[in-house]
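I opened the notebook to record what I looked up in this chain, going from the whole fold down to single strands.

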Amino acid sequence: MAPLVVPRDGVCLCIRGDCVDPHLAGSVVRSVRQADAIWSEHPWDIALITDAYDVVDVPAQYGALLNQLLKATCPTAMAPARRHWWFFVVGGSVPAAKVAAAGGVLRSGPGEWVPAPGTSTEATGRIRWLVHPHVTKWRPYQRRDPIDVVLPT
Ligand SMILES: [Zn+2]
């Protein structure tokens with residue numbers, strides 16, 4: 001995760017001050033001590049960096065059905081304003097072209113991020129978990145079918 005700053009009412013709390021879009025307010029945080037230091041200085045929002053998983057960001061027409069089929073096996077969030085659904089999956093497990101073909105975007109790698117559920121931005125509305133990651137033991141979704149599970153690789 002990393003500190004995130006979300007401009008509100010035309011004001012951004014960073015040094016520039018006139019930003020329009022949410023952006024990172026610092027580098028990636030990897031320890032509780034670092035987090036304490038950064039968030040005690042300012043109540044930044046939180047960005048989830050896609051370095052340990054990918055986020056499949058798709059419109060509702062695909063998201064709702066996918067959520068129904070995956071049941072509670074995939075951490076899933078929804079951004080209500082754009083009616084986009086986010087699925088947290090194992091890195092590299094879903095091709096970006098497949099997501100793009102559904103009108104979505106694959107967020108992937110250390111340079112990309114999504115605002116953490118609980119964050120509210122103008123573009124997304126208040127993002128919320130539909131399947132909280134504690135339900136999946138904090139693991140991203142691993143694609144597999146019964147053949148992968150049963151037969152040795
Ligand atoms: Zn700013």
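Entry 1, the whole chain. I am working from a predicted model, and in it I counted four helices and eleven strands. I then looked up the radius of gyration, which is 17 Å and close to the 15 Å that the globule rule gives for 153 residues, so the chain is as compact as a globular protein of that length. For the extents, I noted that the C-alpha trace spans about 55 × 35 × 25 Å along its principal axes. Of the 153 residues, 27% count as buried. I also checked how far along the sequence the contacts reach, and among those between residues at least 6 apart, 69% join residues at least 24 apart.

Entry 2, the two domains. The domain assignment that I consulted divides the chain into domain 1, residues 1-49, and domain 2, residues 50-153. I read off a separation of 23 Å between the C-alpha centres of domain 1 and domain 2. Where the domains meet, I found eleven residues of domain 1 in contact with nine residues of domain 2. Which elements give two or more residues to the side of domain 1 that touches domain 2? I found that they are β1 (2-5) and β3 (45-49), and that β3 gives the most, with five residues. Sorted by class, this side of domain 1 has ten nonpolar residues, one charged residue and no polar ones.

I traced an open sheet in the order β7-β4-β6-β5-β11, with antiparallel pairing. At its edges I placed β7 (105-107) and β11 (128-131), each of which pairs on one side only. Ignoring direction, I noted that neighbouring strands of the sheet are turned by 30 degrees against each other on average. I also looked for a helix against these strands, and found that α2 (residues 60-70) lies across β4 (54-59), β5, β6 (84-89) and β11, running at about 120 degrees to β4.

Is β6 buried or exposed? I found six of its six residues buried, so β6 is largely enclosed by the rest of the structure. Taking the side chains in turn, I saw that His84, Trp86 and Phe88 point one way from the strand, while Trp85, Phe87 and Val89 point the other way, and that all are buried. On the side of β4, I counted six bridges joining β4 to β6 in an antiparallel run, and I noted phenylalanine 87 of β6 as the bridge partner of valine 56. With β5, strand β6 pairs in the antiparallel sense over four bridges, and here I recorded tryptophan 85 of β6 as the bridge partner of methionine 78. The hairpin of β5 and β6 has four residues between the strands, and in it I noticed that arginine 83 takes a positive phi near 50 degrees.

I finished with β5 (residues 76-79), which is joined to β11 by three bridges, the two strands running antiparallel.

Terms used
Residues are numbered from 1 along each chain as its sequence is written. This is a predicted model: local features need pLDDT of at least 70, side-chain atom pairs count only at pLDDT 80 or more; totals for chains, interfaces and linings use all residues. The radius of gyration is taken over C-alpha atoms; the globule rule is 2.2 Å times the number of residues to the power 0.38. A residue is buried if 20 or more other C-beta atoms lie within 10 Å of its own, exposed if 12 or fewer, and partly exposed in between; C-beta atoms are placed from the backbone. Two residues are in contact if their C-beta atoms, placed from the backbone, lie within 7 Å. Domain bounds come from an automatic or database domain assignment. Ala, Val, Leu, Ile, Met, Phe, Trp, Tyr, Cys and Pro count as nonpolar, Asp, Glu, Lys and Arg as charged, and the others, Gly among them, as polar. Two strands pair if DSSP finds at least two bridges between them. Axes are lines fitted to C-alpha atoms, for helices over the stretch in contact, and angles run from 0 to 180 degrees between N-to-C directions.
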